[in-house]
Amino acid sequence: MSAIGLPPFGQETVETAIGPTKTMVLNMGPQHPSTHGVLRILLELDGETVLKAVPDLGYLHTGIEKSCEDKTYSQAITLTDRMDYLNPLGNNLAYCLAVEKLLGIEVPKRAQYFRVLMVELQRISSHLVWLGTHAIDMGAMSVFLYCFREREEILKIFEFVAGQRMMTSYIRIGGLALEPPTGWVERVEKFLKMMPGRIDEYESLLTGNRIWQGRLKGVGVMSAEDAVAYSMTGPTLRAAGLAHDVRKAFPYSSYEEFQFDVPTRTEADCFARYLVRVAEMRESLKIVRQAIDKTPSEGPVRTDAPGIVPPGREKMKTEMEALIYHFKIFTEGFAPPPGEAYASIESPRGELGCFIASDGSPKPLRCHFRSPSFINLQALPKLVTGQLISDVIACIGTIDIVLGDVDR
Amino acid sequence: MTDSGGQPTNAVVARLRAWSTNAIEEVIEYRGDTTIVVPRKVLRDVAGQCRDIEELRFNLLTDATCIDRYPLEPRFELNYQLVSIPNKKKLRIRVKLQGSDPVIDSLVPVWPGANWLEREIFDMFGIQFTGHPDLRRILLPDDWEGYPLRKDFPVEGYRDIPAIATRYTRSRP
């Protein structure tokens with residue numbers, strides 16, 4: 001069999017207990033439920049053992065990087081939402097940090113803390129989707145329903161704050177799109193009160209479960225050296241014992257002012273990745289708690305940068321300059337000085353980076369996203385070679401890929 | 001902001017210059033990022049040194065991407081983002097390539113993680129990586145014509161809008 005775009009991939013003869021047999025080539029996906037989207041993997045099998053795995057990507061490629069080059073800096077924010085659809089606020093943040101770095105503008109503290117709050121809620125919601133879908137892959141149906149129940153609460157908070165459940169575009173260049181609405185503290189407090197008990201609930205369903213342990217323990221082991229060599233980041237790297245977290249190593253958006261731990265494990269298998277993610281949810285709750293206390297109730301949520309950040313409604317009605325700036329921002333945009341900037345954040349899946357190059361025009365010369373799913377997926381063949389075919393499902397699940405992020 | 005050949009501004013640059021005097025063409029410090037511009041011939045050696053020298057230890061290649069500055073020459077700029085996990089440092093390596101000869105040494109022997117990043121650059125910009133184990137298109141179909149992230153490739157693409165396409169492409173720079 002030689003499919004388009006794949007290396008020579010033929011059947012080979014292998015020795016088995018019952019004599020020589022031919023290997024089988026199995027096409028997994030792109031419509032397989034366990035590939036979490038449209039990922040296709042070609043597996044060469046000897047019985048149930050994987051001899052070779054070749055991922056085939058691009059089914060969800062939408063050319064976001066090319067489209068960004070044809071939009072002004074503010075317009076491109078809406079595209080970033082649609083890359084990693086479980087982490088739209090994180091994508092907004094990475095993009096905005098890069099543009100802000102390019103422009104050399106500072107964001108008010110109130111907006112920084114609120115950004116942290118939103119992004120940490122997003123991390124919890126992303127981990128919940130991961131936990132639910134991964135549990136379904138492993139045959140634990142009920143966890144999915146519980147996880148989505150709590151995720152719904154987070155999405156309701158997003159809808160309340162930003163007016164949208166998923167593609168919020170809430171984080172903008174220079175601050176936030178809107179002032180946080182009255183009563184947001186109570187809404188988030190209510191969620192914080194409920195959530196720790198709910199995480200205990202998931203753990204009581206899964207952590208001690210013999211089937212869960214049997215499917216995950218000792219499966220898909222990736223040592224720390226290999227993980228670094230394959231550029232893996234995020235929970236996959238931390239489950240191998242390396243406490244590398246962009247929030248701690250290169251703090252952004254005032255993360256250095258927050259107290260939290262970076263959970264690590266040393267087993268480096270699928271079960272360790274599960275434990276790390278559950279522990280991260282609890283850490284995120286701690287950060288959200290601190291962010292509520294830190295966020296002042298009054299103050300600007302957008303920096304004062306005329307010509308870059310749109311002026312408030314009030315100003316536009318009283319000042320002529322504000323009206324002119326408003327018109328110019330939304331027609332021709334603003335032009336950062338020529339240069340390049342790279343900003344990265346710790347997304348639920350690892351380091352999400354944004355590299356922007358400006359040539360002094362109102363549209364980016366180049367806008368590249370370092371998506372963690374794409375780079376982590378690269379290690380999949382190494383993880384699954386020599387394992388059973390059922391372990392492939394566990395490995396794809398615990399790498400936690402989002403195909404929108406892989407293909408962009 | 002630019003320092004070419006003069007005073008070494010930071011420890012990483014000084015250490016690399018101590019290793020080889022022609023390792024760095026230019027140092028750019030911009031918005032807190034350090035970028036070293038490296039001649040094409042020594043890229044793989046410099047990358048290896050960045051990873052191995054005890055004081056540097058840039059063990060994680062986080063990102064690699066390309067910029068197309070068409071119609072300027074040298075047209076392509078490859079940017080590699082390195083992170084040192086033990087030292088908590090960042091470094092960007094840049095290599096400039098002429099549009100007529102977009103060939104560069106692959107960094108897969110130094111970081112296996114460069115594999116898909118380089119395939120993506122090949123797919124989108126048509127840069128050839130010598131020594132890459134598996135240089136195929138990654139996101140686009142195998143029979144795709146052209147390299148979409150090049151500046152002379154129209155945003156609308158060539159396909160699916162037959163007659164109108166030429167009109168649009170002619171008006172674009």
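**Reading sheets, helix packing and burial**

Q: In what order do the three strands of an open antiparallel sheet in chain A lie, and which are the edge strands?
A: Strands of a sheet pair through backbone hydrogen bonds, either parallel or antiparallel. Here the order is 8-9-10, with antiparallel pairing (strands are DSSP runs of E of at least two residues, helices runs of H or I of at least four, both numbered from the N terminus; two strands pair if DSSP finds at least two bridges between them). Strand 8 (339-347) and strand 10 (366-370) of chain A are the edge strands, each pairing on one side only. From one strand to the next the twist averages 10 degrees (axes are lines fitted to C-alpha atoms, for helices over the stretch in contact, and angles run from 0 to 180 degrees between N-to-C directions). Strand 9 (residues 350-358) of chain A is joined to strand 10 by five bridges, and A:Gly353 has A:Arg370 as its bridge partner.

Q: Which helix packs on the sheet?
A: Helix 3 (residues 88-103) of chain A does, touching strand 8, strand 9 and strand 10 of chain A, where contact means heavy atoms within 4.5 Å. The direction of helix 3 makes about 150 degrees with that of strand 8.

Q: What conventions apply?
A: This is a predicted model, in which local features need pLDDT of at least 70, side-chain atom pairs count only at pLDDT 80 or more, and totals for chains, interfaces and linings use all residues; side-chain values use heavy atoms, leaving out hydrogens and water. Residues are numbered from 1 along each chain as its sequence is written, while chains are lettered from A and ligands numbered from 1 in the order in which they are written.

Q: At what angle do helix 4 and helix 16 of chain A pack?
A: Helix 4 (residues 109-137) and helix 16 (residues 389-399) pack at about 180 degrees, with axes 10 Å apart. That makes the two roughly antiparallel (angles under 35 degrees count as roughly parallel, over 145 as roughly antiparallel, 65 to 115 as roughly perpendicular and the rest as oblique). Helix 4 contributes A:Trp130, A:His134 and A:Asp137 to the contact, and helix 16 contributes A:Ile393, A:Ala394, A:Gly397 and A:Thr398.

Q: Is A:Asp245 buried or exposed?
A: A:Asp245 is buried, with a relative accessible area of 1% (buried means under 20%, exposed over 50%, partly exposed in between, with a 1.4 Å probe and protein chains only). A:Asp245 lies in the loop between helix 9 (235-238) and helix 10 (246-249) of chain A. Not counting residues up to four places away in sequence, A:Asp245 touches A:Arg238, A:Val262 and A:Glu346.

Q: What pLDDT does chain B average?
A: Where pLDDT is low, the predicted coordinates should not be read in detail. Chain B averages 83, and 86% of the residues score at least 70 (pLDDT is the predictor's confidence in each residue, from 0 to 100). Residues 1-8 of chain B are below 50.
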